[in-house]
Amino acid sequence: MSHFSILSIFRMVCLVLAWGIAYSAYPQNQQSKFEKLNPKSSGINFKNQLKEDRENNILRYEYFYNGGGVAVGDLNNDGLEDIFFTGNMVPNKLYKNLGKLKFEDITKTAGVQGKSSWTTGVSLADVNGDGLLDIYVCYSGKGPVETRKNELFINLGNFKFEEKASAYGLDDPSHSTQGLFFDFDRDGDLDLFLLNHNIQVINEMEFDAARTGKHPFAGDKLFRNDGGKFTDVTEQAGIKSFALGFGLSVNSSDVNQDGWPDILVTNDYIEQDYLYINQGDGTFKDELSSYFSHISHFSMGADIADLNNDGLQEIFTLDMLPEDNERQKLLYGPENYEQYDLMIRRGFHHQLMRNMLHLNQGEGQFSEIGQMAGISNTDWSWSALFFDGNNDGKKDLFITNGYYRDYTNRDFLKYKGDYYFKQAIVREKADTLHLVTSMTSTPVHNYYFQNQGNLSFQNLSNSAGFEEKNFSSGAAYADLDNDGDLDLVVNNLNQTADIFENQNSTGNWIKIRLKGPMNNTFGVGTSILAYAEDEIYFLEQQPVRGFQSSVSPVLHLGLGEIKKLDSLIITWPDQQIQTIFQTPINQTLDLSYNPNYSNKTQQNPQQQFLKSIPAPDFNPSSSTVNDFKRQPLMVTMPSHLGPVLASSDLNKDGFPEIFIGGNKGTPARIYTFKEDVWEVYRGFRSASEFSDGVAIFQDFNGDGFSDLFLGSGGYHDYLSEDESLRDRLFLNDGSGVLVPQSNFPKYLISTGTATVMDLNQDGFPDLFVGGKIIPGKYPESPSSKTLINDGKGNFSDQSSEFLPNAKLGMLTGSAAQDLNGDGVEDLILVGEWMSPKALIWENGKLVERSQDYFPSNLSGWWNTLKQADLDGDGDLDLILGNFGLNSQLKASDQYPLNLYANDFDQNGSIDPIIECYLGDGMYPFASRDELLDQMVSMRSKFTDYASYSKAKISDLFSPDELKKAQKLSIHTLESIVLVNNGKGFTPKSLPRIAQSFPVYAISVLDINQDGIMDLILGGNQSLARIKIGRMDASQGLVLLGSETGEFTPLSSSQSGIEIKGDIKSILEFRQDDKTFLIFGINQKPTAVYQVK
Amino acid sequence: MKKITLSLLLILGLTGSIIAQKKALDWPKIYADQLFKITEVMVTDVASPPVAARIYAYTTLASYLAIQPSGTRFTKPDFLSATPIQADKFQASGSGVTNFEFPAIYAMLLVGEKVIPSGYLLKKAQEDWISWGLKNKIFQKKDLALYLTFAQDVADFVLEYAKKDGYIQLTALPRYSPKEGEGYWYPTPPAYMAPVEPEWRTMKTFFLRNLTDFDPKPMAPFDLDKGSSFQIQLEEVYTVTQNLTEEQKLIANFWDCNPFKVEFSGHMAIGVKKISPGGHWIGITGIAAQKANLNFAETAYIHALVGLTLHDAFVSCWKAKYDTDRIRPETAINQKVDQSWRPLLQTPPFPEYTSGHSVISTASAVVLTAYFGDNFSFLDTSELYFGLPERPFDSFLQASQEAAISRLYGGIHYRDAIENGVEQGDKIARYILQQTQF
């Protein structure tokens, strides 16, 4: 192994390791603790005070309450971090660090107070390459061009500065948010990305026009440093400079690990964020929509960092969704599917209002897991900073938030307008400014989340020292007192800025001060991989993070109990590599550019287990059916269920036939897979009215040829008992032609599952058919069926004989298995809003004995069930796919999800009301508009949003009404394995990443041929309420089994599966000695992979 | 502000130490003022145009029903017999009640309380009304319970009827889904609100037996070929709206009657409110009643007749709207002609054909003309509280014609929706008048 490929090998090791590490248990965490300094003691009394008057107010400038920024850096190279604050309307302040957390205001002598115009963000960077940090301050507001020219304070040493923006060509008069200095062309000096915003409201009619061309002041700009003079290269570099840009933060990182710094720009409002991938030739390409399947809507601050210590950086963007019930209820209006569709049709990406955490899976593949990580709802949030706050080796998260006026309060929209005519009635003049400034103001506390490992964060805001409610904006971290942990500096609105001293006392650390090559003296763009024992740590040098702010350029790593670093691998911005072995810790390391490895970074292609091969030409028409128009309070749409898959060699020619199920509008098809080519199979026809819920190939008439049972499911516009819900039997005529059987029993239920079993012990395959849903009457379930086969394929409905209770719930999965060892198959059932059921065959009847076999509290949103002997002990274990943990819905024993259903208002429609845990207790899930749209009687009960914002389910209904209602509950949303212990089943959670999406399909296969069964999971649900949003974190997940029964997840770049879409089925089939997997994807062509 | 001044003076006079004689009571004024309290709650609640008409129908119906047992003879024929309301019951009730004006208003407020979501806001108006009645010795204090019970009986009767008119069933029906294809309605900017009451056709009407009899003439089919009827009309909206005179702008705004116009500024959005088209015509009815010095019974009569007519006209119009599901000019022009064009008025959230204002204004005007006579001039002060000046009209039909064409100036309707809407409203009103043997 030659040493030049050390990095690539290392990265490969990291990747494989990290996905394992990420899910292993971390040692007990050191509790983070910060303490706010008294301004009197610290000397920092900067206050970003706003003055609202006729000239200066939110109506004249809509970013009036966005707040100021913070920049921290050692400006005089004395080893102490100094602090700079921007004030929107007050002068900026520069504080010299005197040591011991004492600071001195030296703004005046330094001459950096700035202009009296509206001041926004600040960045520190050594722009002229003299080894001293310079200060770049941005301006915006309604003032004339001259007042908005950004300022560059060149550091002359000893806290003397000279404003030289014009000389450098950086006195740009845009409405700027912040500047980000980085070396995009890797020529050794710092270039500037200038983030700007519009100050005009853009009407939707103008969207298209506002997304073309270049706006002189609103559009973002890129400036190339040409020997100390900056040249505007925006257009030639491919940077969008649209009027629609409402840029609120900019970050830079090598997102795709190609050695070139990329750019993330977050945009407020309708314009989506940009992820500019550096093409390496001086240009960028916005590839956001291929990297992220959905993004935050009103994106604000952002940060990029490696959160699971796998060497790959996660991307996190902030939005404005509150954590608690009350503020959510005041915020949510009606869900508008037409407006959402219009947004998509007009070329905007899927945007949803909450923080988004994009987990980096390598090779440009990301999965959004913010909700599962527990960091999605932090109210109106400005700055996000990932840093190791407790020196345990994992990066924690600090978020500032708060907006000075509750404009998004729905009551404001709906009822504040009354002011105008009420004023007219009392004959007084209406004053809009008065209206606006009389709006309520709700301070909120900042958030501190401690990284628990395993892609999960714990909210420690209160115990870590951030319980105070206020309005905070820019923030930065730095080790202000040089004690080895990072402190926080926060700029507040209308309140003195805060310094939070990190009280951490344990945990090892290392700080690294980079001395970069050429004019990039602080090594911006450098990445550092630290390697210690089994752990890896990753950092990238880019001080501009969070919001309008700039963190210390001294890099900090918490190391926990790690005693020494085995090696540090430094990749400088020019991609030259420097390695240092046996680095001492608990000290600051000064690291000068001195590469000792060549820059060969080509990666060895990873060994992937699956290879994509051509798929059948099955191309279903996309369906616009919106089930929420029929039952507005459902969570997901039951219409979009397929395609189901089944395989058999129908004509016994040695080539497999694959059945691909239809959905209303797209009839089912059968294909033959012949020598890697897909051919449409001629011996089958299906009508397009059906939605196939189940497909089973089985020789029902004993002639040696496979017949086909099709269970019709779906919802659509079907009647509650619709002809299109008829299940169908096709018998094989012996030549491979499937002939429909008109004598098959007719029962009109929307079928969710079916299982072949010999119910009457006569040796012929009978059918259990499980009902799922009654169209229009969710969550009522139809009667399930037992159909008895006379051996010739003639079935008779003998449900009353075998099923004493046929209403079994909204069934989605079933399996026949002898549970009590009497030699007769029993029946296992799962479904939505129910516990797994065991129906035991007793004297010719299926009798429910669930509690004998399944632990209690396993009620879930079960989508699928798979049998397999996972532990090789000879009995069948079960794998159950659930709704997952990555959504706004949470469920536990203490706080289950409850669903109350009844026709409460007696108007002929079922009212399904979900109650769920929201922040601090159990509340109705529906927003006020949704509830009022469902039930007229609620309109006079909750006449405004405020009255509904505190309502419990008991405020909606009387105890008697609730008692009479059907009540369903969910206690767990985790996908699990049920290990067969001989007497019953023991649940075991699947790995964390398997909980990041709803699981709809499971395949069991020894994919790496180690003799142990592996799992392939498919899922996603993109047809959910807007409030839930697209659940699409899965690209098809492979879990490698082990002898201990634990599963190790593979990232998509490791497994080779990269499927975008809702996987509803996975089928394994073979041809000769080759094994294949076909994935059924809702409203899309199938995907086919060959197992290597 | 004349109206408010007068009203304040009146109330002050009435409640002063010198008890005014009953004859001095300006009943049409009092009636209109009390009904406006209901209007205020509707404005706050943002009752949509058809919903507002339903509320006016039941509240005015209550006051009219309450007056029945008084044995008053009306100058025009009773219209209840032409409706499914079985009003006979109230000929026999109300024994002991000698003054019917007081309970009639009270019943109106009681019905308002129940049929408007925020109806609880009328509690104050009810209390004030009782105090007013006691102070003015409209009845003897010991009889208060008797009066309130009678009013409650009337209200209960009306509410019982309202309960079965299909309103609570609406939420059991599927919500609107936009149709695929060109020329169909789609939610409009800026708020892209869901369409108002897509199943309003299922509501019970008072007079119209067979809704299809009142379907408007067919609209011009969607066709963008130059010279097609639709294209010409689309072009007309586009050009007319860019060459509006100040008077035309004033007309458009005067008849805007959009209960909820959303104004955006970044994250801030605020709903600016106005009375609905029905509210405007109820206002005109009150103005006319005052000008004609009607007594209370006649005031109640004409308000109820207009209220019930408004409801039927809205049901008929709303049926047409969702039968045709036609694209709004704003959507069509933005898609096909000029992306930056915006109408003067905010496009209301429902399909275009026919123009609701044209239908209901004409229907109201025809009924009012039949009652008050043609060339009945009046000064329309209905929009004073909503920031618009008073406006004189020579006749009801002049006003309704102006209301109709205002929709073209406002850029929210094509000409055929206006002209055929006028015809539709005329037909509805004539049918109602004919049914009531006016």
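View 1. A:Asn502 is buried, with 25 other C-beta atoms within 10 Å; a residue is called buried if 20 or more other C-beta atoms lie within 10 Å of its own, exposed if 12 or fewer, and partly exposed in between, with C-beta atoms placed from the backbone. Leaving aside neighbours within four places in sequence, the contacts of A:Asn502 are A:Phe34, A:Gly389, A:Asp485, A:Leu486 and A:Asp487, a contact being two residues whose C-beta atoms, placed from the backbone, lie within 7 Å. The C-alpha atoms of A:Asn502 and A:Ser32 are separated by 8.0 Å, although these residues are 470 residues apart along the chain.

**View 2. The side of chain A that touches chain B.** Between the chains, 44 residues of chain A are in contact with 40 residues of chain B. Several helices of chain A each supply at least two residues of this side, among them H5 (207–210), H8 (337–345) and H10 (410–415), while H11(A) gives the most, with five residues. By class, this side of chain A has 18 nonpolar, twelve polar and 14 charged residues; Ala, Val, Leu, Ile, Met, Phe, Trp, Tyr, Cys and Pro count as nonpolar, Asp, Glu, Lys and Arg as charged, and the others, Gly among them, as polar.

**View 3. Domain 1 against domain 2 in chain B.** The assignment, automatic or from a database, gives domain 1 (16–84 + 93–162) and domain 2 (226–435) of chain B. In chain B, 33 residues of domain 1 are in contact with 33 residues of domain 2. H3(B) provides the largest share of the domain 1 side, twelve residues, and the residues of that side divide into 22 nonpolar, seven polar and four charged.

**View 4. Helix H15 of chain B.** Helix H15 (residues 415–435) of chain B has 21 residues and reaches 30 Å from its first C-alpha to its last, close to the 30 Å expected at 1.5 Å a residue, that is, 1.5 Å times one less than the number of residues. Because 15 of the 21 residues of H15(B) are buried, this helix is largely enclosed by the rest of the structure.

**Notes.** Residues are numbered from 1 along each chain as its sequence is written, and chains are lettered from A and ligands numbered from 1 in the order in which they are written. In this predicted model, local features need pLDDT of at least 70 and side-chain atom pairs count only at pLDDT 80 or more, whereas totals for chains, interfaces and linings use all residues; pLDDT is the predictor's confidence in each residue, from 0 to 100.

Conventions: Helices (H or I, at least four residues) and strands (E, at least two) are DSSP runs, numbered from the N terminus.
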